[in-house]
Amino acid sequence: MQLIQLVAILGSLCYLLLILPLVFQRKIHEEYAILWLFFGFALLLFSVWREGLEYLAKFLGVHYPPSALLLLLVGAMLLILIQFSVVISKLSKKIIELTQELGLTKFELEELKKRLKK
Amino acid sequence: MKILVIVPAYNEEEAISDVIKDLKTNFSEADILVINDGSRDKTSEVARENGALVLDLPANLGIGGAVQTGLKFALRYGYDIAIQFDGDGQHIASEIPKLIDPIKSNVADAVIGSRFLKDSPSDFKSTLGRRLGIKFFEILNTILIRKHITDNTSGFRAYNREAIEFMAYNYPTDYPEPEAVILLGRNRFRLIEVPVRMKERSCGKSSIFGFRVIYYMVKVTLSIIMTALRYRIR
């Protein structure tokens, strides 16, 4: 086993050991954990399974197989970041709607209070 | 006919009382709703003292979110016409009838008050740089909705009931004016412009300056193109 393979395996394991407890403790919701876990296991798989990595590298036209792992990692990050943008956009839309609803409700409450006092 | 004037205001304690007084004297048939967009000054108190209805938003949403709140209010309480009227003193209450006449005679669903139409009496037409930006939107929007709108950034607008119902749920949030034009045009609302007079703001300065000008142009252009490409929703 080459040193680089050992580093890759340890790296993937660390990554999974970081993510899995967070999912377990519900600090990352399952719907957002799917991408993280999928790529974690994919990285581990190709770190352990040397022939698979070589096949993947050949398929992608990468000369040095461990670089294919990096490519996989960059792809994973890109996808996860895109997912974040989608989630953030959805959240800010909801916050705007909530703020508007709260404003309208506060207005109605004030009007009701005024009427009750009379 | 129930008419609502929506006045979005963010930190406008100095301008807001004159705006409300102008509306009360020169356009008394409408209810005035000030949307206090999370101001940190006394905008809300001053508006209340002057006898306007005041809706306080707990956080600053920006002009789009504030106007949309007013449209939701108009929808909820059955107003037939909603008018968007800036809280900084640029708009003139006695010009409102020009804006709502086409709606009353049912020739338009949405009306924009324009400084740039040929017969526009407005002596205040913004600075050269801003006029260039406005010209750019004029060309872009004309191509995209095949309708010639000269003052896409004007925040002096009137909507009928149908447009209120639509915009209450589809109003754009960030720098919304040029995008709203496309949205209305694309969704087959009858959109027209009328020439109006506007003033230079009495105090404060535009929220769009420095690098924000670049951000504004890029963001609004992107939104406009995306809105034009999306499916019609009405």
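Predicted model: local features only at pLDDT ≥ 70, side-chain atom pairs only at ≥ 80, totals over all residues.
Residues are numbered from 1 along each chain as written, with chains lettered from A and ligands numbered from 1 in the order written.

Biologist: Which residues of H2(A) are buried?
Modeller: Helix H2 of chain A covers residues 30–48, helices being DSSP runs (H or I) of at least four residues, numbered from the N terminus. A residue is buried if 20 or more other C-beta atoms, placed from the backbone, lie within 10 Å of its own. The cover over the buried residues includes H1, H3 and H4 of chain A. The buried residues are A:Trp36, A:Phe39, A:Gly40, A:Leu43, A:Phe46 and A:Ser47.

Biologist: How are H2(A) and H4(A) oriented to each other?
Modeller: Their axes, lines fitted to C-alpha atoms over the stretch in contact, come within 10 Å and cross at roughly 180°. Angles between N-to-C directions run from 0 to 180 degrees, and those over 145 count as roughly antiparallel. The two helices are therefore roughly antiparallel.

Biologist: What is the orientation of H4(A) to H3(B)?
Modeller: The axes of H4(A), residues 65–117, and H3(B), residues 63–76, come within 10 Å and cross at roughly 50°. Parallel takes angles under 35 degrees and perpendicular 65 to 115, antiparallel those over 145, and the rest count as oblique. That makes H4(A) to H3(B) oblique.

Terms used:
Expected span 1.5 Å × (residues − 1). Buried ≥ 20, exposed ≤ 12 C-beta atoms within 10 Å, placed from the backbone. Contact = placed C-beta atoms within 7 Å.
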